[in-house]
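Biologist: Let us go through this structure by question and answer. Please give the cut-offs of each term when it first comes up.

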Amino acid sequence: MFTAADREFMRQALELAERGLYTTTPNPRVGCVIVKDGAVVASGWHEKAGLPHAEVLALEAAGERARLATLYLNLEPCSHHGRTPPCADAIVASGIKRVVAGMQDPNPKVAGAGFAKLRAAGIEVEHGLMEDEARELNIGFVARMTRGRPWVRMKIAASLDGRTALANGKSQWITGEAARADGHRWRARACAVLTGFGTVRDDDPQLNVRGIDTSRQPLKIVVDSRFETSPGARLLKDGRTLVAGAVENQRKIAALRAAGAETVVIPNEHGKVELFKLIEDLARREQNEIHVEAGMKLNGSLLQAGVVDEVLVYLAPTLIGDSGRGMFSLPELTELSRVRSLRVREVERVGADVRILART
């Protein structure tokens with residue numbers, strides 16, 4: 001049975017883990033707190049793949065004080081050699097008496113093996129404390145490890161009547177400055193930002209994170225069936241870009257590669273990009289969270305492909321009217337019983353706008 005003190009120390013571990021929100025990919029976000037005689041003696045958090053894990057940093061800071069102490073962390077310690085040695089071995093060597101974890105690691109290379117190694121060494125192990133919070137913090141990592149696909153979040157800015165742009169395509173700006181800044185925070189936590197060729201053609205976006213203190217920029221992905229993206233597009237100027245198409249147009253592919261883009265050809269039977277396979281390919285590229293900012297056609301196609309996990313909508317207190325462009329291009333329904341139902345998770349005011357987070 002977990003105590004109130006256990007919960008408080010796990011809360012601290014989760015807060016530490018959240019410091020890596022923008023930087024740990026493809027690794028999970030992990031925080032660690034070491035407690036002895038009711039007081040925190042050391043802590044650590046994982047910052048970046050290849051750097052020491054949270055447990056190792058905390059143990060190094062604790063030194064001899066780790067002996068017979070309790071170690072709290074939001075995710076099971078790793079038991080395999082990756083970019084760094086197994087954290088479970090370091091915990092065993094430290095003399096830690098008890099380990100409390102938020103959840104088991106969904107990585108098949110771990111998946112309970114870390115706990116087993118600790119128990120075999122005589123360490124008391126408990127997990128499941130604040131498990132929902134632990135899972136939410138690493139929702140993309142969990143999705144990639146358990147189903148072979150990243151977590152896909154679709155961001156939309158719209159008027160109160162659900163219009164994302166004028167009939168001529170102009171959309172800057174429907175929502176206010178606070179909502180746009182908030183959107184960049186969601187971009188920053190994602191491994192990749194995905195859009196379609198239509199958005200690149202009409203808006204020439206940079207598709208990067210701005211105004212957020214982060215050392216990492218997400219991968220930029222363009223769904224472009226015929227590889228029509230201009231080699232001079234702004235999103236190709238800085239950072240990594242992947243253009244996904246459906247035809248083997250070697251001339252256009254070569255031009256995009258010369259501009260610094262990576263390309264992949266994943267066609268479906270209709271000559272479009274096979275979106276489900278694209279998302280699976282992104283998992284193989286170790287992408288945990290995908291942030292979609294696209295037009296109504298690609299939004300609708302992604303929904304129909306069954307790859308969208310949640311929708312992040314910013315609603316401005318404005319009205320555009322029926323001539324404006326909608327959120328999703330979907331087939332006409334003739335029965336209300338066939339509507340797509342979502343589960344609203346959050347509703348918050350952001351400046352003058354309202355942010356709604358809903359899951360499919």
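Modeller: Helices (H or I, at least four residues) and strands (E, at least two) are DSSP runs, numbered from the N terminus, and two strands pair if DSSP finds at least two bridges between them. This is a predicted model, in which local features need pLDDT of at least 70 and side-chain atom pairs count only at pLDDT 80 or more, while totals for chains, interfaces and linings use all residues. Residues are numbered from 1 along each chain as its sequence is written, and side-chain values use heavy atoms, with hydrogens and water left out.

Biologist: In what order do the nine strands of the open sheet lie?

Modeller: The pairing in this sheet is mixed. Its nine strands lie in the order 10-9-8-7-11-6-12-14-13.

Biologist: Which are the edge strands, each pairing on one side only?

Modeller: An edge strand here pairs on one side only. That holds for strand 10 (262-265) and strand 13 (343-350).

Biologist: How many residues of strand 7 are buried?

Modeller: Buried means under 20% relative accessible area, with exposed over 50% and partly exposed in between (1.4 Å probe, protein chains only). Ala192, Leu194 and Gly196 point one way from strand 7, Val193 and Thr195 point the other way, and all are buried. Strand 7 is therefore largely enclosed by the rest of the structure, its buried residues being five of the five.

Biologist: Which residue in strand 8 is the bridge partner of Val193?

Modeller: Strand 7 and strand 8 (residues 219-223) run parallel and are joined by five bridges. In strand 8, Val193 has as its bridge partner Lys220.

Biologist: Which residue of strand 14 does Leu315 stand opposite?

Modeller: Strand 12 (residues 310-316) and strand 14 (residues 353-359) run antiparallel and are joined by six bridges. The residue of strand 14 opposite Leu315 is Val354.

Biologist: What is the strand order of the open sheet of five strands?

Modeller: The pairing in the five-stranded sheet is mixed. Each edge strand, strand 2 (39-45) and strand 5 (124-127), pairs on one side only. The order is 2-1-3-4-5.

Biologist: Which residue in the hairpin of strand 1 and strand 2 takes a positive phi?

Modeller: Strand 1 and strand 2 run antiparallel and are joined by six bridges, with Gly31 facing its bridge partner Trp45 in strand 2. The hairpin has two residues between the strands. The positive phi, near 55°, belongs to Asp37.

Biologist: Which residue in strand 3 is the bridge partner of Ile34?

Modeller: Strand 1 and strand 3 pair in the antiparallel sense over four bridges. In strand 3, the bridge partner of Ile34 is Leu71.

Biologist: How far apart in sequence are the parts that the pair of Phe9 and Tyr72 ties together?

Modeller: Rings of Phe, Tyr and Trp (its six-membered ring) pair if their centres lie within 6.5 Å; planes under 30 degrees apart count as stacked, over 60 as edge-to-face and the rest as tilted. A search of the whole structure finds one aromatic pair, the tilted one of Phe9 and Tyr72, with 5.3 Å centre to centre and 45° between the planes. Phe9 lies in helix 1 (residues 4-17) and Tyr72 in strand 3 (residues 70-73), so the separation is 63 residues.

Biologist: What relative accessible area does Tyr72 have?

Modeller: Phe9 counts as buried at 10% relative accessibility. Tyr72 is also buried, with a relative accessible area of 3%.

Biologist: What is the volume of the largest pocket?

Modeller: On a 1 Å grid over the protein atoms alone, a cavity is a set of points where a 1.4 Å probe fits but cannot get out, and a pocket is an open set with protein on both sides within 12 Å along at least five of seven lines; lining residues have an atom within 4 Å of a point. Grid points are joined across faces, edges and corners, and a volume is the space filled by probe spheres set on the points. The largest pocket is lined by 49 residues, with Thr195, Gly198, Thr199, Ala294 and Gly295 nearest its centre. Its volume is about 1,500 Å³.

Biologist: What is the volume of the largest cavity?

Modeller: The structure holds one cavity of 30 Å³ or more. The largest cavity is lined by 16 residues, of which Thr24, Thr25, Asn27, Arg29 and Asn288 lie nearest its centre. Its volume is about 70 Å³.
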